[in-house]
Amino acid sequence: MTSKDFWRESKVAVLGAGSWGTVLANLAAPHAGSVKLWFRDEERARLANATRTNAEYFPDLALHKSIVAVSEVERAFEGGVDAILWVVPSSGSRALARKIAPLLRGHEILIHATKGIEEGTLKRVSEVLGEELPLARIGSVSGPNLAAEIAKGLPAATIVASRFQEVIDAGIALLTNPRFQVEGSHDLVGVEWAGTLKNVLAIAAGCFEALGLGWNARAMLLVRGLEEMMRVGKTLGAKPETFLGLSGLGDLIATASSPLSRNYRVGFRLAKGEKLEAILEDLDTAAEGVRTAMTIADYATSQSLRLPITQAVRGLVAEGWDGERFLGHLLT
Amino acid sequence: MSTFPEVPENFALERFDGIRKDVLADAVSRTSREFPDSSLEGTLREALFQEKHRLRKFRMFSASGPFTYGRHVRDARLWSGVRGDLLKRPVEAGRREITERTLRHYAEEIGGHFDPAVYRFATSIVPIGFNWMLNAASFHTFLPWKMKENVQSRLKIEGRTEHLRKLADRGTILLVPTHQSNIDSILIGFVIYMLGLPPFAYGAGLNLFTNPVLSFFMRHLGAYTVDRQKSNALYKALLKHYSTRVLEEGVHSIFFPGGGRSRSGAIENNLKLGLLGTGLQAQIRNYQNGKPNPNVYVVPMVMSYHFVLEAGSLIEDFLQHSGGHRFLPSGETEPFFLLRAMQFFWRFFSTQSDIHVRIGQPLDIFGNHVDEEGRSLGPNGTSIDPKLWLTTQGVLREEPARDREYTKRLGEKISERFHKDHTVLASHVVAHAYFEALRRQYPEHDLFKLLRLSIEQRTMPYARFAEEVIRLHGVLRERADQGGLFLSTALQENEAEHWIRDGMLALGALHGHAVLKHEEETVWSEDLNLLYYYRNRLTGYGLRGGLGEYDEQGFLA
């Protein structure tokens with residue numbers, strides 16, 4: 001039996017029915033036997049099964065026929081699953097993992113799509129999940145993947161990273177299609193940190209846009225930002241070259257230039273003088289960069305690392321700096 | 001008189017000599033199968049090249065020369081034969097035969113023996129010898145009926161001893177001890193005996209076979225030979241298959257996962273995974289062969305010494321490797337083993353100090369905790385079926401890439417357990433505290449500059465030293481409460497003044513010069529290299545807050 005044959009019969013659970021979760025479920029469905037897509041909200045799950053769309057995010061995108069929406073997480077695991085796609089915000093990951101731990105058997109492959117770290121502990125999502133779940137084969141999918149573009153069928157590529165080759169193989173088998181390429185990497189630490197750190201820079205980039213600083217300034221920000229990412233990554237055990245790949249520079253360019261990115265929008269509106277609470281309320285999905293900026297800035301202080309951009313973003317989101325002060329900090 | 005446990009009967013190793021031939025033949029054929037035909041020419045040539053190089057370095061007039069000469073001659077004969085055959089025969093012809101001949105030669109060298117008579121003799125004589133020496137050294141009593149003390153009072157075996165005994169009945173034990181001294185091998189054998197467990201197979205370095213007395217016992221008590229100088233692929237693969245095969249027979253085994261002895265004095269951090277992975281291989285094979293007790297349990301064991309026989313030469317070696325030109329070696333050499341071992345036990349007994357050996361939390365082959373029933377425990381009250389962790393795409397099978405990662409994970413968990421199951425002694429605390437107080441005094445100095453401070457420069461007021469000791473003790477107590485380490489009874493119960501004094505005395509007991517000396521109101525060290533060695537026992541705990549192995553000034557963190 002080839003790998004493809006195995007996955008064609010497989011059962012997949014997608015946890016989290018936000019924009020990226022919905023798109024990932026649709027990517028996996030043609031390659032898998034069945035896909036359960038878990039919604040937090042019962043009404044939305046019912047609606048999704050009735051209308052065959054996830055109307056809140058993509059009213060025009062038809063859900064693949066083998067996707068079943070569920071709202072009780074236990075139902076996603078009924079009869080056992082072979083793979084789990086984890087699309088849960090980093091802040092809710094530990095609690096949900098604790099809840100589903102008894103539902104797992106140990107042979108499952110888990111790939112998470114969460115670009116964030118646990119507040120305070122600096123633990124990557126794969127570490128949190130490894131601590132709470134009775135399985136070991138964990139990986140992460142990360143890259144320049146704005147969900148709305150992939151939903152439209154625009155071409156894109158991504159990286160599935162894991163210490164386990166079979167997790168990478170599963171990611172490639174489940175997610176690849178003619179418009180969506182999947183590469184593998186063994187540097188899980190690097191891929192997770194790259195995906196996390198670029199969110200901080202996306203906030204800075206949104207801020208630059210709002211202040212109308214031009215292309216030169218943006219290039220300066222991205223390059224220095226990349227250097228900052230690599231500096232932090234090195235102290236955390238990441239491979240530097242990972243930051244130059246799809247999940248590093250690639251993701252950075254996409255999120256730091258597109259108004260589709262949530263973190264970018266947060267930065268944009270902060271620089272326009274809006275209050276953080278109000279912005280986060282409007283977004284109604286997680287902007288991971290806000291928390292990450294605070295956690296990393298603390299870490300940098302403790303390690304005497306110089307991270308001016310991260311410090312400035314922290315000032316912006318946590319200490320009420322305005323655009324001028326933000327820019328001033330970067331140019332000193 | 002002390003009571004010693006019953007000598008166990010009917011254990012797997014006892015039957016070993018009966019199956020030895022099959023075990024070796026299996027190991028040879030499994031290893032041979034690992035190398036496809038197309039790779040043999042290259043593998044043989046590379047092995048020949050490495051072996052020629054190794055054989056050239058042999059010195060007859062060295063400490064081990066006379067004892068390894070016979071082995072050297074046999075190896076040399078084998079390889080000149082291999083060379084001749086590789087040249088004579090056309091390329092690719094007969095390569096399989098040459099490979100298997102080489103493997104059989106190695107197998108004979110590696111394979112151990114077990115002689116029940118020697119075992120019974122050793123278990124009856126060694127404990128008495130230890131007790132006699134203990135009493136002679138502490139009370140100068142040589143008369144057996146006047147012996148007041150017994151070894152148990154000085155060798156503290158703590159931790160999960162009952163857990164280990166239960167698991168030994170339910171599966172095969174892979175005991176993984178920390179390794180500081182050649183004394184460890186003797187001590188571990190003794191601990192296993194004291195726990196009433198049957199003898200374990202043990203991969204012993206060639207250097208331990210150079211002593212005729214020790215060599216006799218090891219050779220007949222299930223020790224197999226590991227020659228770390230032989231680095232070619234055939235030898236390494238064979239060693240793994242041999243170890244796997246022995247585990248499959250249900251023979252409990254011992255590996256030192258740190259490779260050799262810890263050079264720096266620190267608890268092992270980067271473990272050697274090669275032999276460690278054989279536990280996983282054996283368990284998979286046991287499942288496939290339908291064995292009744294298929295599981296292999298990995299049990300950490302952490303030893304705590306106040307003084308280490310070879311500390312001087314080990315730390316020299318470490319500093320030389322990490323320091324390069326910044327370190328001037330004094331030429332301290334490895335002490336002659338048997339004589340120094342006697343000296344060690346004599347000193348150990350006469351100084352009234354003790355050795356702590358802790359049996360740590362047992363793990364499965366992936367590094368998950370195992371309960372007393374032998375079940376693997378997952379997080380959040382889940383239990384883990386190892387078969388499912390070994391199932392890939394619906395089939396339970398070997399999967400080299402996956403299994404390597406599992407073994408890496410196991411290595412990380414063992415290292416974590418080593419730190420958590422470590423019993424911290426008063427001597428560790430005073431050594432660490434003095435060194436850190438000294439660093440605080442010279443914040444700009446890197447390691448090698450600090451080690452060269454003059455006696456005056458390294459003398460400090462007792463009060464400052466004591467303050468640092470108390471502060472460190474507080475931090476360690478907090479860690480102990482959180483399960484991060486264990487404190488010895490003295491550190492938990494005695495007055496600080498007492499354990500500080502005892503710790504300083506014990507720390508220096510073996511060495512010619514005082515590692516820490518206290519006179520009037522000052523404290524100094526006569527040998528900072530040694531002090532650094534003993535100080536390092538408390539590294540790896542992030543006591544200074546950083547993440548890496550070394551801190552920003554090049555000290556072990």
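In strand E7 of chain B, B:Val357 is the bridge partner of B:Met303. The model is predicted.

- E7(B) covers residues 355-359 and is mostly covered, with five of its five residues buried.
- B:Ile355, B:Val357 and B:Ile359 point one way from the strand. B:His356 and B:Arg358 point the other way. All of these residues are buried.
- Strand E6 (residues 296-304) of chain B runs antiparallel to E7(B), and four bridges join the two.
- Strand E1 (residues 155-159) of chain B pairs with E7(B) in the parallel sense, over five bridges.
- Opposite B:Ile359 in E7(B) stands B:Gly159.

**The E13-E16-E15 sheet (chain B)**

- Three strands of chain B form an open sheet in the order E13-E16-E15, with antiparallel pairing.
- Strand E13 (460-461) and strand E15 (517-519) are at the edges, each with a single partner strand, so one side of each has no neighbour in the sheet.
- E13(B) and strand E16 (residues 522-524) of chain B are antiparallel and joined by two bridges.
- B:Pro461 has B:Thr522 as its bridge partner in E16(B).

**Extent of the interface between chains B and A**

- Chain B puts 22 residues in contact with 27 residues of chain A.
- The area buried between the two chains is about 1,800 Å². Carbon and sulfur atoms give 54% of that area.
- B:Asn380, B:Leu388 and B:Gln393 supply 33% of the area that chain B buries against chain A.

**Polar and charged pairs across the interface**

- Two salt bridges are counted between chain B and chain A.
- A:Arg163 forms a salt bridge with B:Glu405, with the closest N and O atoms 3.0 Å apart.

**Which parts of chain B touch chain A**

- Helix H13 (386-389), strand E10 (391-392) and helix H14 (400-420) of chain B are the elements that give two or more residues to this side.
- H14(B) gives the largest share, seven residues.
- The residues on this side of chain B divide into eight nonpolar, eight polar and six charged.

Conventions:
Residues are numbered from 1 along each chain as its sequence is written. Chains are lettered from A and ligands numbered from 1 in the order in which they are written. This is a predicted model: local features need pLDDT of at least 70, side-chain atom pairs count only at pLDDT 80 or more; totals for chains, interfaces and linings use all residues. Side-chain values use heavy atoms; hydrogens and water are left out. Contact means heavy atoms within 4.5 Å. Buried area is the accessible area (1.4 Å probe) that two parts lose on being put together, summed over both. A salt bridge is a side-chain nitrogen of Lys or Arg within 4 Å of a carboxyl oxygen of Asp or Glu. Ala, Val, Leu, Ile, Met, Phe, Trp, Tyr, Cys and Pro count as nonpolar, Asp, Glu, Lys and Arg as charged, and the others, Gly among them, as polar. Buried means under 20% relative accessible area, exposed over 50%, partly exposed in between (1.4 Å probe, protein chains only). Two strands pair if DSSP finds at least two bridges between them.
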